[in-house]
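Work through the exercises below with the structure in view, and try each task before reading the solution that follows it.

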Amino acid sequence: MTIKKNIFSILLLTFAVFNITAQEAIPEVEALLNKMTLDEKIGQLNLLTPGGGIATGSVVSKNVELKIKEGQVGGLFGVSGPEKVRQAQEIAIKNSRLKIPLLIGSDIIHGYKTTYPIPLGVASSWNMELIESAAKMAAKEATADGINWNFSPMVDISRDARWGRISEGSGEDPYLGSAIATAMVKGYQGNDLSNSQTMMATVKHLALYGAVEAGRDYNSVDMSKVKMYNQYLPPYQAAVDAGVGSAMTSFNDIDGIPATGNKWLITDLLRKQWGFKGFVVSDYTSVNEMTAHGLGDLQAVSAQALNAGLDMDMVGEGFLTTLKKSVKEGKVTEEAITIACRRILTAKHQLGLFDDPYRYSDTSRPEKDILTTENREAARKIATQSFVLLKNENNVLPLKKDAKIALVGPLANDKNNMLGTWAPTGDPQLSIPVLEGLKNVAPKARISYTKGANITNDGEFAKRVNVFGLRVDIDTRTPEAMLSEALQNSENADIIVAVVGEASEFAGEAASRTEISIPPSQKKLIKALVETGKPVVLVLFSGRPLTISDEFTLPVSILQVWNPGVEAGNAIADVIFGDYNPSGKLTASWPRNVGQIPIYHSMKNTGRPAPTNRFEKFKSNYLDSEISPLFPFGYGLSYTTFEYSDLVVEKKKITQDELVNISVTVKNTGDYDGEEVVQLYLKDEVRSITPPVRELKGFKKIFLKKGETKTVSLTLYANDLKFYNSNLQFVSEPGKFVVFVGSDSTAEMSAEFELE
Ligand code: NOJ
């Protein structure tokens with residue numbers, strides 16, 4: 001009894017000294033901290049990569065083994081496989097003084113080995129259960145291979161398709177982005193982090209990385225707080241609310257201070273306002289990069305980052321090499337280092353690594369859990385739901401399974417571009433090319449294939465794209481010879497299917513483009529194919545919204561497939577032949593031209609709104625372009641048609657904390673069973689700050705058999721009516737609200753209610 005009492009008072013004293021709450025304190029962690037030297041604490045803040053996987057900077061860690069032995073490493077990434085991970089843990093457990101296990105991180109952005117579509121594609125499914133289950137599958141595979149910590153979800157809102165990393169996120173909308181962030185965190189982490197089939201998630205990149213100026217990667221961000229709070233921050237906060245274990249800072253600056261050293265961001269916003277309890281890791285060498293940003297030498301920027309609230313330094317070793325000196329010079333306190341170290345140790349404790357450092361090193365798991373038939377089937381299903389039917393000329397799609405098809409295009413028989421960007425753990429050679437998929441699903445179809453064109457004819461551009469392996473393979477034949485072969489091949493076909501678009505590394509990190517159209521080599525091919533007079537279906541690959549006004553005006557059908565992942569060909573065939581009726585909806589507006597960027601549905605009205613599709617002088621429009629996008633947010637066709645009617649808002653007047661129940665009738669009026677994403681947009685008529693013209697505030701994906709009618713209920717909660725005002729208070733203001741319900745962000749059917 002007395003002994004217990006004493007331990008308790010020692011613990012209480014420790015908590016008081018280190019200013020932590022009883023909720024955060026874990027006796028095992030505190031006991032360990034009490035034994036640690038300053039060097040050992042600093043060591044825990046150091047994240048290294050021995051260079052496996054893809055290095056996203058110019059530095060790769062050296063002497064990793066020695067550093068682990070000396071207690072200078074808190075975690076590793078780029079190491080995988082149960083044996084290798086066991087070896088790494090053994091170095092820490094058997095050789096370092098305090099035997100502290102390692103975090104083993106990885107970038108599992110869209111599937112581990114069973115790669116599913118890029119996140120922008122997955123988001124287009126608008127199916128939260130599916131997204132959660134995809135993340136769960138990724139966690140099961142990754143943990144089977146030794147990983148316990150994932151650098152995902154990436155929840156950066158982006159309204160700029162020039163930015164290559166738009167592919168890694170969920171698009172332009174904070175409401176949808178928040179729902180997806182929540183689903184992914186739940187999927188990765190489950191409800192027990194110590195379960196050896198779940199891994200810790202990282203919300204990234206805090207913050208506003210998707211708003212880099214001019215869409216140029218790593219560029220500056222300067223944004224009003226009102227815009228930040230209302231439009232860009234919600235998905236990060238949603239991930240925090242869902243219990244995400246760690247957060248990663250972004251490369252950009254915010255208000256002139258790089259995110260990695262930004263105290264307002266990491267401490268005031270993330271920890272104090274949002275109540276984040278996990279640890280914060282930098283991005284790859286982003287501590288060091290603060291020097292290039294202009295904030296001083298490595299010692300100065302490392303101290304700034306730690307004092308801002310950063311806990312772990314990825315790869316750059318600024319913490320490892322300078323923090324002790326900074327403590328001596330009074331630039332940082334040992335207490336700040338202890339707090340950061342506590343957060344890392346707490347994460348390890350939550351993952352169950354102190355109970356069993358080898359819990360993610362079960363050699364029997366990879367075979368059972370990775371790339372199973374079940375997982376591949378799931379990846380195929382996810383892919384089919386991610387496709388967006390942009391146009392169906394004369395209802396040419398779906399094709400008959402015995403059709404005579406000329407399959408053309410540089411991506412038609414390709415394995416290297418199916419997975420998409422940021423799939424370093426996937427193997428492109430396992431992916432199903434479109435040609436193979438079509439044959440699998442429709443063995444009776446008569447398919448003849450020709451390449452027809454290169455992805456691009458520009459050798460210099462191809463070199464930049466081919467950094468992670470051959471994505472663009474420029475043929476030895478001349479473009480003319482390839483084209484004439486394709487035309488000849490098309491002569492006997494009933495229909496031409498052209499598989500075109502971007503190579504996977506046209507998008508992703510450090511892959512920004514100022515021109516986001518289909519490359520000229522392929523444009524030429526498409527035009528020539530259309531001139532044959534045969535029906536043409538474009539199967540369009542891309543990691544971003546493209547500008548395809550030229551192709552849209554041609555008499556072609558267009559199925560947008562992003563980068564579908566390992567089951568690419570099969571999933572595409574499922575949709576092309578009608579085994580699955582497409583249901584994807586865009587989560588980022590597709591501009592008509594680059595000059596319209598940034599473009600998004602929740603724009604402001606301005607004081608001089610332009611009339612729709614008509615130029616008027618002294619209105620907010622362009623001389624040389626319409627202002628509307630080519631395809632609006634939420635857009636996507638189906639093989640069937642849906643009719644909306646009877647929009648009912650239950651109450652015409654509500655008080656501040658009342659719900660608004662809304663119902664609408666949806667009928668499948670076409671010839672196929674199908675799914676529809678019923679979308680609800682809200683317009684706040686009068687506000688103390690300028691409101692967006694409308695904002696997404698609800699959605700439901702439903703299935704309707706041909707001819708079937710359903711009444712769909714949607715609810716607006718008190719928070720859905722709120723916004724951050726100019727004092728950054730989250731409020732709703734009395735007045736009229738208009739509800740729009742329909743199948744995309746241009747929905748016209750509306751009803752009103754009033755908030756008292
Ligand atoms: C840099 C990227 O910005 C980040 O998303 C990724 O997690 C790290 N590299 C680690 O690979």
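Domain bounds, as used here, come from an automatic or database domain assignment. The model is predicted, so to speak of a local feature a pLDDT of at least 70 is needed, side-chain atom pairs count only at pLDDT 80 or more, and totals for chains, interfaces and linings use all residues. Residues are numbered from 1 along each chain as its sequence is written, and side-chain values use heavy atoms, with hydrogens and water left out.

**Exercise 1. State which domains the assignment gives, and how far apart the C-alpha centres of domain 2 and domain 4 lie.**

Solution. Begin with the bounds: domain 1 covers 1-35, domain 2 is made of 47-52 + 59-106, domain 3 covers 383-596 and domain 4 covers 642-755. Then take the C-alpha centres of domain 2 and domain 4, which lie 51 Å apart.

**Exercise 2. Describe how helix α17 packs with helix α23, giving the angle, the handedness and the residues in contact.**

Solution. Two packed helices are described by the angle between their axes and the distance between the axes. Helices (H or I, at least four residues) and strands (E, at least two) are DSSP runs, numbered from the N terminus. Axes are lines fitted to C-alpha atoms, for helices over the stretch in contact, and angles run from 0 to 180 degrees between N-to-C directions.

First, the axes of α17 (residues 373-386) and α23 (residues 568-576) come within 8 Å and cross at roughly 50°. Angles under 35 degrees count as roughly parallel, over 145 as roughly antiparallel, 65 to 115 as roughly perpendicular and the rest as oblique. The helices α17 and α23 are therefore oblique to each other.

Next, α17 passes α23 in a right-handed crossing; a crossing is right-handed if the near helix is turned clockwise from the far one by less than a right angle, and left-handed if anticlockwise.

Finally, Arg-380, Ala-383 and Thr-384 of α17 meet Asn-570, Ala-571, Asp-574 and Val-575 of α23, where contact means heavy atoms within 4.5 Å. The residues of this contact divide into three nonpolar, two polar and two charged. In this scheme Ala, Val, Leu, Ile, Met, Phe, Trp, Tyr, Cys and Pro count as nonpolar, Asp, Glu, Lys and Arg as charged, and the others, Gly among them, as polar.

**Exercise 3. Find the angle at which α9 and α10 pack, and sort the residues of their contact by class.**

Solution. Helix α9 (225-232) and helix α10 (residues 234-241) pack at an angle of about 55°, with their axes 6 Å apart, and α9 and α10 are therefore oblique to each other. On the α9 side the contact involves Met-228, Tyr-229, Asn-230, Gln-231 and Tyr-232, which meet Pro-234, Pro-235 and Tyr-236 in α10. By class, the contact of α9 with α10 has six nonpolar, two polar and no charged residues.

**Exercise 4. Locate the cis peptide bonds that join Lys-204 to His-205 and Leu-206 to Ala-207.**

Solution. The bond between Lys-204 and His-205 is cis, with omega about -5°, and His-205 lies in strand β5 (residues 202-206). The bond between Leu-206 and Ala-207 is also cis, with omega about -5°, while Ala-207 lies in the loop between β5 and α9.

**Exercise 5. Where is Val-315 found, and what is its phi?**

Solution. Val-315 is found in the loop between β10 (313-314) and α14 (318-328). Its phi is positive, about 70°, although Val-315 is not a glycine.
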